[in-house]
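Subject: Structure to look at

Hi,

Here is the structure I promised to pass on. Could you open it and keep it beside you while you read the rest?

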Amino acid sequence: MSTPQKPAVLVVDDKENMRKLFARILGDAYAVTEAADGTQALARLAEREFDVVVTDIQMPGADGFAVLREVKRRAPDTQVVLVTAYASIPKAVEAIKEGAYDYLSKPFDPDEVALLVARALEQRRQRKDAAGLKSRLATAPDLHGLLGSSAAMRSLHALLSQVAVRDLTVLLTGETGTGKELAARAVHAESPRKAKPFVAVNCGALPADLVESELFGHAKGAFTGATMAKAGLFEEAHGGTLFLDEIGDLPLPVQVKLNRALQEKEVRRVGTTSPVKVDARVVAATHRDLAAEVAAGRFREDLYYRLNVVTVRLPALRERREDIPLLALHFLSRAGRPELEGFLPEALRALTAYAWPGNVRQLENAVARAAAVAQGPTIGVDDLPPELGAARVAESGGAPAGGVPAEALAKLPYREAVDSARDAVSREYLSALMQEFGGNVTHAAERAGMERESLHRLLKRYGVRSDDFKRPD
């Protein structure tokens with residue numbers, strides 16, 4: 001079995017003792033290449049690509065800014081860490097605006113170097129993962145808006161395409177928010193009727209006294225307010241498809257007339273006795289268990305069997321968790337924030353772990369909310385709706401906020417599972433540290449054995465606010 005290749009780090013400094021120091025700090029975990037000045041660094045960059053570049057700013061010839069620009073020109077995902085004396089910190093901040101990952105100020109702690117390079121490497125991996133996710137999204141199976149590459153969605157796509165070409169009544173079942181109207185539209189779009197109207201109606205939203213009139217139409221004067229004759233939805237959908245959403249909410253008297261209309265392929269407008277021939281394919285949908293509704297006397301058995309020619313169940317979102325990252329990125333692309341690059345890994349893990357009782361519709365709303373509050377450039381856990389974090393704690397038996405329930409954890413690749421555990425422990429440790437020192441970052445940094453600036457970066461990274469722990473005077 002081959003040994004995994006170490007990440008490649010280029011260290012650029014005109015002082016040999018500094019290059020050797022970095023090599024000692026990083027040599028065990030990384031393949032370190034040295035460059036004695038900026039000009040030599042540019043030559044190294046022309047030869048190969050590096051994962052991380054650590055470069056001094058002040059050097060004879062080509063300086064750290066020249067190295068940064070060349071890195072970003074050749075390999076934008078390569079992360080650059082600048083090394084600077086305290087007096088040159090403003091220049092380092094300027095470099096960050098030009099694309100550098102972060103900076104180290106001299107003198108520095110070896111642990112701070114190792115931590116910063118590790119974080120830079122993780123940032124590179126995140127960007128590559130985000131690019132991979134965008135590539136997956138671009139090629140993911142998408143049946144007229146029903147997006148997903150999971151086995152459950154591939155099976156659904158195949159079944160809908162198969163039944164669409166057969167002029168049969170279709171009953172769509174599944175929880176609220178799973179995309180039943182999208183499925184109905186897909187059936188219509190894949191059918192020979194696609195050039196004709198697609199008419200959708202939510203049966204549960206129709207007033208009880210107007211349901212019959214809406215479906216079958218009415219004659220002038222049929223009831224108070226009927227000032228003119230009106231065609232019903234069956235007639236509007238003639239030649240095309242009539243989608244009856246939440247059909248389980250129809251009153252029993254209307255169910256009788258609907259069953260007759262399906263059987264005879266004709267309707268009678270309210271206030272008339274003359275039948276009107278209609279040719280509309282019916283696709284019905286419900287989140288109810290219609291068989292149980294029949295047993296309870298709330299739904300007619302004859303209508304149930306007439307609708308239940310082909311039943312297609314849409315999977316709940318929790319049954320196809322592997323589609324959640326794709327869907328989240330898809331909804332983000334529609335959120336009107338083109339500057340947002342994507343999601344941090346812990347945010348994607350939070351999305352994937354949540355149960356989503358409202359299914360795809362709830363996920364879309366959650367992403368829209370996150371996009372609205374995110375400060376950018378990526379969406380983190382703190383940008384997600386609060387219920388995601390609370391639910392994850394409850395499901396994991398009181399585990400740290402960054403934890404993932406065991407059921408979801410087992411579905412993650414090993415690396416992601418380990419990252420999730422590490423993030424959880426880091427967040428818990430930082431919160432406990434801030435709690436002990438009342439939000440005093442200076443004292444907390446001394447206890448943690450790191451520079452104050454390094455602790456600040458960690459707190460920001462894990463969304464732990466020192467102000468939340470300050471004690472009243």
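This is a predicted model: local features need pLDDT of at least 70, side-chain atom pairs count only at pLDDT 80 or more; totals for chains, interfaces and linings use all residues.

I'd start with α14, which spans residues 345–353 and is mostly covered, with nine of its nine residues buried.

The crossing is right-handed. On the α13 side you'll see Ile 324, Pro 325 and Ala 328, which meet Leu 348, Leu 351 and Thr 352 of α14. Sorted by class, that contact has five nonpolar residues, one polar and no charged ones.

α13 is mostly covered too, with eight of its 10 residues buried. Among the buried ones are Leu 326, Leu 327, Leu 329, Phe 331 and Leu 332. The elements covering them include α5, the strands β7 (146–147), β17 (342–343) and β18 (378–379), and the helices α14 and α15 (359–373).

**Helices α5 and α20**

α5 (residues 110–139) packs against α20 (residues 452–461) at about 30°, with the axes 11 Å apart. The two are therefore roughly parallel to each other, and α5 passes α20 in a left-handed crossing. From α5 the contact takes in Glu 112, Leu 115, Leu 116, Arg 119, Glu 122 and Gln 126, while α20 brings Ser 454, Arg 457, Leu 458 and Arg 461. The class count for this contact is three nonpolar, two polar and five charged residues.

**An aromatic pair**

Searching the whole structure turned up five aromatic pairs. One of them is Tyr 354 with Trp 356, an edge-to-face arrangement at 4.7 Å centre to centre and 90° between the planes. Both Tyr 354 and Trp 356 are buried.

Most residues other than glycine have a negative phi. His 144 has a positive one, about 50°, although it is not a glycine. You'll find His 144 in the loop between β6 (142–143) and β7. Its relative accessibility is 38%, so His 144 counts as partly exposed.

Asn 359 also has a positive phi, near 60°, and is not a glycine either. Asn 359 sits in helix α15. With a relative accessible area of 0%, Asn 359 is buried.

**Lys 230**

Last stop: Lys 230, which belongs to strand β11 (residues 230–231). Its relative accessible area is 29%, so Lys 230 is partly exposed. What does Lys 230 contact, leaving aside its neighbours within four places in sequence? The list is Glu 214, Gly 217, His 218 and Arg 269. Also worth a click is the C-alpha separation between Lys 230 and Ala 219: 6.5 Å, for residues 11 apart along the chain.

Cheers

Note on methods
Residues are numbered from 1 along each chain as its sequence is written. Side-chain values use heavy atoms; hydrogens and water are left out. Axes are lines fitted to C-alpha atoms, for helices over the stretch in contact, and angles run from 0 to 180 degrees between N-to-C directions. Helices (H or I, at least four residues) and strands (E, at least two) are DSSP runs, numbered from the N terminus. Angles under 35 degrees count as roughly parallel, over 145 as roughly antiparallel, 65 to 115 as roughly perpendicular and the rest as oblique. A crossing is left-handed if the near helix is turned anticlockwise from the far one by less than a right angle, and right-handed if clockwise. Contact means heavy atoms within 4.5 Å. Ala, Val, Leu, Ile, Met, Phe, Trp, Tyr, Cys and Pro count as nonpolar, Asp, Glu, Lys and Arg as charged, and the others, Gly among them, as polar. Rings of Phe, Tyr and Trp (its six-membered ring) pair if their centres lie within 6.5 Å; planes under 30 degrees apart count as stacked, over 60 as edge-to-face and the rest as tilted. Buried means under 20% relative accessible area, exposed over 50%, partly exposed in between (1.4 Å probe, protein chains only).
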